[in-house]
Amino acid sequence: MDSLKGEEKHVTNLVNPLQQESTLPIPVGVLGFGGLGQAAVKVLAPKRQMQWVAAADQKGFALNPEGLDLQTAIATYQTQGSLGYLDPEGTLSTHSIADLIQRSQGVAGFFLALPNLPNTFMASVAQQFIDLGWQGVLIDAIKRTSAVEQLVGLRAELAEAGITYVTGCGATPGLLTAAAALAAQSYAEIHQVKITFGVGIANWEAYRATIREDIAHLPNYDVATAKAMTDKEVVALLDQTQGILSLEDMEHADDVILEMAGICGRDRVTVGGVVDTRNPQKPLSTNVQITGRTFEGKISTHTFTLGDETSMAANVCGPAFGYLKSAIALHQQGIYGLLTSAQVMPHFVS
């Protein structure tokens, strides 16, 4: 943790925000309103402890301290292409993120449901929050190791700016990374962490950015080529593979996150999976296996498997808001800087 003013005081008082839930919902925002951003606000809609008040897309933003309406916002975005057309809360803008940040001092935290392409994008967004003097909480569902390493380079600036940033808060990295960190406690030494995911979606167009990120992990592809692909080229590729993307030895930030948490070296972490872009049913069960040696010298493996009925959206957005709630409690105690999903326990948002 990059900023701990009065360490003993903070450790003593940290439980208070968790024991005494506020009767007022926490105002939060979502940056990005594609498939993941829309899923995020659907997850948030029935929650009492958080209220969705702000969002931005490429062409505009919407802000209402009293809360944004889910159905109206999604309908506006799908028919007109931007939340900027939302009446009366929307504003069209060519600098939508910066313009929203400048008006969002009353927003406690943001879920950055943004594309991971280009690879520098998430760090550049964090830099905007720093440069514009915003103070609060940021969390992401970032994927690539190199993208997290860029955020590590900003940790001192984030702390100085009064921002609490928790990275890797989706499913993987996120839910499965945290499970690995917890399961590791059974062992004296970790030999391997193996994450295998199965994702099923009915139509790739619902998660265009996510699918492009996955394509970037395929042999003979990289971030630049995946970002440059047209929709027709993506469709042609999926036609060749019958809609299936098989991914192995991915550059996934679970490795650097577990290394930063002191669990094991990144070379002992592997991530791979199968994405079916034409079928909502998972092609295989998502799981994490943690193999290690106990203090008695025995080799064993813990396995944590997600239910097949839970969607990618549920397993990404649910943990994301849990981490957002935890980070807000830390921020209230003056704990700023960069943390990861393996260093913070997510708190359930009811």
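Me: What makes Thr145, Ala147, Val148 and Leu151 in helix 7 count as buried?
Reply: Buried means a relative accessible area under 20%, with over 50% called exposed and anything in between partly exposed (1.4 Å probe, protein chains only). Thr145, Ala147, Val148 and Leu151 of helix 7 fall in the buried class. Bear in mind that this is a predicted model, where local features need pLDDT of at least 70, side-chain atom pairs count only at pLDDT 80 or more, and totals for chains, interfaces and linings use all residues. Residues are numbered from 1 along each chain as its sequence is written, and side-chain values use heavy atoms, leaving out hydrogens and water.

Me: How do you know they sit on the same side of helix 7?
Reply: They cover an arc of only 160° around the axis, so they share a side of helix 7. That arc is taken from the directions running from the helix axis to the C-beta atoms. As background, an α-helix has 3.6 residues a turn, so residues three or four places apart point the same way.

Me: And what covers the buried residues of helix 7?
Reply: The cover includes helices 6, 8 and 13 along with strands 6, 7 and 13. Helices (H or I, at least four residues) and strands (E, at least two) are DSSP runs here, numbered from the N terminus.

Me: Why is Arg144 called buried?
Reply: Its relative accessible area is 9%, and the limit is under 20%, so Arg144 is buried. Arg144 lies in the loop between strand 6 and helix 7.

Me: What makes the Arg144 and Glu251 pairing a polar contact?
Reply: The side chains of Arg144 and Glu251 are joined at 2.6 Å. A polar contact needs a pair of N or O atoms within 3.5 Å; within protein, one must be able to donate a hydrogen and the other to accept it, and residues adjacent in sequence count only if both atoms are side-chain atoms. Arg144 also touches other residues, including Asn116, His217 and Ala253, where contact means heavy atoms within 4.5 Å.

Me: Why does Leu92 count as partly exposed, while Val166 is called buried?
Reply: Leu92 has 47% relative accessibility, so it is partly exposed. Val166 comes out at 0%, so it is buried. Leu92 sits in strand 4 and Val166 in strand 7. Among the residues Val166 touches are Leu138, Tyr323 and Leu339; Leu92 touches Lys59, Gly60, Ser82, Gly84 and Tyr85, setting aside residues up to four places away in sequence.

Me: What makes helix 10 mostly covered?
Reply: Six of its eight residues are buried, namely Thr210, Ile211, Arg212, Glu213, Asp214 and Ile215. What covers them includes helix 11, helix 12, strand 9, strand 10 and helix 14.

Me: Why are helix 10 and helix 12 called oblique to each other?
Reply: Their axes come within 12 Å and cross at roughly 60°. Axes are lines fitted to C-alpha atoms, for helices over the stretch in contact, and angles run from 0 to 180 degrees between N-to-C directions. Under 35 degrees is roughly parallel, over 145 roughly antiparallel, 65 to 115 roughly perpendicular and the rest oblique, so helix 10 and helix 12 are oblique. Arg208, Arg212 and Ile215 of helix 10 meet Asp231, Val234 and Leu237 of helix 12.

Me: Which hand does the crossing of helix 10 and helix 12 have?
Reply: Left-handed: the near helix is turned anticlockwise from the far one by less than a right angle, whereas clockwise would be right-handed.
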